[in-house]
Amino acid sequence: MNKKHPSNNILLNLGFEKLNEMQVAAQETILSDNNILLLSPTGSGKTLAFLLPIFEMLKPEILSVQCLILVPSRELGLQIEQVWKKMGTNYKVNVCYGGHSIDTEIKNLSNPPAVLIGTPGRIADHIDRGSFRLDK
């Protein structure tokens, strides 16, 4: 797959024909290993703008958490998880947040996702418990 452009299947799965200007610029910047701050209106595609380069950087041979996404709220975490799942990748994703069963999360993390999304407090709790590895 071309590292600069997502597979057509992902875009089709999401109902898009092509990326918008902000998404293309974000993908190129992130894949060039630069820091980025995305400022764009609600509904403009920021979630996809950062998930696509994450997808491009994941390595199928690594069977542990490769990407940790910290979010300020459970709602945003669930939204990001939903977009990831709609992308139709073969990479597992989990979201962890307060108010969700810690036992269920620990069980889910026993077969680690490539992408882990969570609120800071819940992720800190899992780090303290050793629920997932941080070395990848």
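Does Arg74 count as buried, exposed or partly exposed, and at what relative accessibility? Select Arg74 to begin: at 40% relative accessibility, Arg74 counts as partly exposed (buried is under 20% relative accessible area, exposed over 50%, partly exposed in between, with a 1.4 Å probe and protein chains only).

Before you click on: this is a predicted model, where local features need pLDDT of at least 70 and side-chain atom pairs count only at pLDDT 80 or more, while totals for chains, interfaces and linings use all residues. Residues are numbered from 1 along each chain as its sequence is written, and side-chain values use heavy atoms, with hydrogens and water left out.

**Stop 1: around Arg74**

Arg74 sits in helix α4, residues 74–87 (helices, H or I with at least four residues, and strands, E with at least two, are DSSP runs numbered from the N terminus).

**Stop 2: helix α3**

Next, pick out α3, residues 46–57. Its 12 residues should span 16 Å at 1.5 Å a residue, and the end C-alpha atoms are 18 Å apart, which agrees (the expected span is 1.5 Å times one less than the number of residues). Of those 12 residues, 9 are buried, so α3 is largely enclosed by the rest of the structure. Among the buried ones to colour are Leu48, Leu51, Pro53 and Phe55.

**Stop 3: Leu58**

Move to Leu58, in the loop between α3 and β1. Leu58 counts as buried because its relative accessibility is 9%. Show Gln66, Trp84, Tyr91, Ala114 and Val115 as well: apart from neighbours within four places in sequence, these are what Leu58 touches. Tyr91 is 33 residues away in sequence, yet 8.5 Å away in space, C-alpha to C-alpha.

**Stop 4: the strands**

Select strand β3, residues 115–118. Val115 and Ile117 point one way, Leu116 and Gly118 the other way, and all are buried. β1 runs parallel to β3, joined by 4 bridges (two strands pair if DSSP finds at least two bridges between them). Look for Leu70 opposite Gly118. Strand β2, residues 93–96, also pairs with β3 in the parallel sense, over 4 bridges, and Val93 stands opposite Val115.

**Stop 5: the pockets**

The largest pocket holds about 500 Å³ of space. On a 1 Å grid over the protein atoms alone, a pocket is an open set of points where a 1.4 Å probe fits, with protein on both sides within 12 Å along at least five of seven lines; lining residues have an atom within 4 Å of a point. Points are joined across faces, edges and corners, and the volume is the space filled by probe spheres set on them.

Select Phe50, Ile54, Cys67, Leu68 and Ile69, the closest to its centre of the 20 lining residues. The largest share of that lining, 5 residues, comes from α3.

Last, the second largest pocket has a volume of about 360 Å³. Gly45, Lys46, Thr47, Gln79 and Val83 are the closest to its centre, out of 17 lining residues. Here α4 gives the most, with 4 residues.

Terms used
Contact means heavy atoms within 4.5 Å.
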